[in-house]
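Subject: Structure handover

Hello,

Here is the structure I promised to pass on. Please open it alongside this email.

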Amino acid sequence: ERWIRGARTRHGQQLVDNRGGTRELVSCFGKGRMLGVMVDINRRSGRRVWVDFFGVPAATAPTAAVLAFRSGRPLFTIVSRRTGRPLEFEFQIGAPHLPRPGAERDAEVERLMQTVTAEIEQYVRAEPAQWLWTHRRWKTRPEPTEQA
């Protein structure tokens, strides 16, 4: 953990805890900074959006889409790809997805999250060995009161 944190922050990245870090994330926008949020992880509890991922409902944290909606900034899918050399990666950046002005918040957040999830699925289908899958992505199942 210490080595990974050091590697990530060495060139100016700021890491924010995924619990209670929303205020810190929003402040990044006020400073004109870009923000990266992992979206292909299981969301066990709290606010979540159900997206289709490989034909199975996947509980997803809506953070990236909520921040895009609130700020009016675009949301991009960015994936890393190992190049074959140790600890060397290249990044692919997808097209921008802008929140629709005047759209209903929850529907727009769901649309944005489904869009980036579909793009991630395309990357994984193209090169499955590149996806670092260290957790049970579909562990959380929809409650009867939740849409799936």
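Below is what was found, taken region by region. One point before that: this is a predicted model.

**The hairpin**

Start with β1, residues 49-53. This strand is mostly covered, with four of its five residues buried. To find your place, look at V49, which stands opposite T60 in β2. Then go to the turn. Two residues separate the strands of this hairpin, and F54 takes a positive phi near 60 degrees there.

**The aromatic cluster**

The structure holds four aromatic pairs. Two of them share W138. In one, F53 and W138 have ring centres 5.6 Å apart and planes at 25 degrees, so this pair is stacked. F53 belongs to strand β1 and W138 to the segment after α4, so the pair ties together parts that are 85 residues apart in sequence. F53 is buried, at a relative accessible area of 1%.

In the other pair, the rings of F54 and W138 have centres 6.4 Å apart and planes at 80 degrees, so the geometry is edge-to-face. F54 is in the loop between β1 and β2, and W138 is in the segment after α4, so here the parts tied together are 84 residues apart in sequence. F54 is partly exposed, with a relative accessible area of 27%. W131 comes in as well: F53, F54, W131 and W138 form one aromatic cluster.

**Helix α4**

Next, the helix at residues 105-126. How far apart are the end C-alpha atoms of α4? They are 32 Å apart; at 1.5 Å a residue, the 22 residues should span 32 Å, so the two values agree.

The N-terminal end of α4 is capped by E104, with a side-chain oxygen 3.2 Å from the backbone nitrogen of D106. D106 also belongs to a network of salt bridges, together with R47 and R105.

The side chain of E121 meets that of R125 in a salt bridge, at 2.9 Å from N to O. Both residues lie in α4, four residues apart, about one turn of the helix. An α-helix has 3.6 residues a turn, so residues three or four places apart point the same way. R125 counts as exposed, at 55%.

**R81 and its two partners**

By the rule used here, the structure has seven salt bridges. One is with E90, at 3.5 Å from N to O. The other is with E127, where the closest N and O atoms are 2.9 Å apart. R81 lies in strand β3 (residues 78-82) and E127 in the segment after α4, so this bridge ties together parts that are 46 residues apart in sequence.

**N42**

Last, a residue in a loop. N42 sits between α2 (22-30) and β1. Is N42 buried or exposed? N42 is buried, because its relative accessible area is 16% and the cut-off for buried is under 20%.

What does the side chain of N42 join in a polar contact? The partner is the side chain of T140, at 2.9 Å. Leaving out residues up to four places away in sequence, N42 touches A59, H135, R136, R137, K139 and T140.

**Where to begin**

Finish with R81 and its bridge to E127.

Best wishes

Terms used:
Residues numbered from 1 in each chain as written. Predicted model: local features only at pLDDT ≥ 70, side-chain atom pairs only at ≥ 80, totals over all residues. Heavy atoms only, no water. Buried < 20%, exposed > 50% of the residue type's maximum accessible area, 1.4 Å probe, protein only. Polar contact = N/O pair within 3.5 Å; in protein donor to acceptor, adjacent residues only side chain to side chain. Contact = heavy atoms within 4.5 Å. Salt bridge = Lys/Arg side-chain N within 4 Å of Asp/Glu carboxyl O. Expected span 1.5 Å × (residues − 1). Phe/Tyr/Trp six-rings, centres within 6.5 Å; stacked < 30°, edge-to-face > 60°. Pairing = 2+ DSSP bridges.
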